[in-house]
Amino acid sequence: MPTYNRRTHLISLYESIIDQQSSDVEMVVVDDGSTDNTSKMISSWIKNNLVRINYIYQKNAGRAFALRKALMEASGEFTVIMDDDDLFVPDAFALIRYNLEKLYKYRHQLKELAGICGLCLNKEGGVIGDTFPQDEMVSSYYDIRFRRKISGDKKEILSTNILKLNMYKTFDNERRVPTSTLWYSVSQDYDMIFINEAFAIKHYLPMGMTDKNRALRISSPNSHIQTATIMVNTREHASILIRLNYSIDIWRYYFWGGKFPHGQISGLRLFG
């Protein structure tokens, strides 16, 4: 989890983790230069030793750098990305373990399985966005989002090694890389099992990432060119319209100051 000046919200997330009473969990927290005594609070958690914590402090560089650092430092077999204002639902870890066992049940699929993807709840307890068309659905992130048009935040629990192999690039002075860049990259070679169970609760805070999205997109052109290039080159059978939209995105962010991805785009894929 990346964090920046969200000490109060981190407390709730931490409590939702220790309430699970699991001994095989590691919290990897990258503090992106907080000035609200986050480090002192987490030091006390480490002393309490209720959960294993890997705490890293870095000079403020933005969520993209903090999240990348956290993922690269993760040592567990599977990883779940949590924003600092997320919470785990009660018994989330038991649900996650139970559903990860299904990876063996479906191991003979044509594409290797990277992990599982579940639902998120809002603070009122309702499902955010759509549920999946069926439970235990084996498919790709691309298929779920673009062909089946499933909306809303979801919670992915994926192989740590696969995430590291598909890690996004960061760019100087660009603070945002969409997390979906990871999922788009993973979906080129891997499927997931989509589960109609809620693993987490999301809170959308005023002036959080959701509120700042447009400004962050404009100020992070190369990060978005990276995402669009993955989508233009997707190995999935993408529609011409989807590829055209992402091709337009490449040009849009190029005119906003990004570097054109010369030599990285397949013309055959671009035009179907």
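pLDDT is the predictor's confidence in each residue, from 0 to 100. The protein has a mean pLDDT of 92, and 93% of its residues reach 70 or more. This is a predicted model, in which local features need pLDDT of at least 70 and side-chain atom pairs count only at pLDDT 80 or more, while totals for chains, interfaces and linings use all residues. Residues are numbered from 1 along each chain as its sequence is written, and side-chain values use heavy atoms, with hydrogens and water left out.

Over residues 268-272, pLDDT stays under 50. Where pLDDT is low, the predicted coordinates should not be read in detail.

Now look at helix 3, residues 63-73. Helices are DSSP runs (H or I, at least four residues), numbered from the N terminus. Its buried residues (under 20% relative accessible area, 1.4 Å probe, protein chains only) are R63, A64, A66, L67, A70 and L71. Seen down the axis of helix 3, they fall within an arc of 165°, so they line one face of the helix. That arc is taken from the directions from the helix axis to the C-beta atoms.

Move on to helix 10, residues 221-232, where Q226 is found. Q226 is buried, with a relative accessible area of 15%. Beyond its neighbours within four places in sequence, Q226 is in contact (heavy atoms within 4.5 Å) with Y168, K169, F171, V177 and T181.

Helix 10 also meets helix 11, residues 240-255. Their axes, lines fitted to C-alpha atoms over the stretch in contact, come within 9 Å and cross at roughly 160°. The two helices are therefore roughly antiparallel (angles over 145 degrees). Among the contact residues are H224 and I225 of helix 10 and Y246 and I250 of helix 11.

Key. Buried < 20%, exposed > 50% of the residue type's maximum accessible area, 1.4 Å probe, protein only. Axes fitted to C-alpha atoms, helices over the stretch in contact; angles between N-to-C directions. Parallel < 35°, antiparallel > 145°, perpendicular 65-115°, else oblique.
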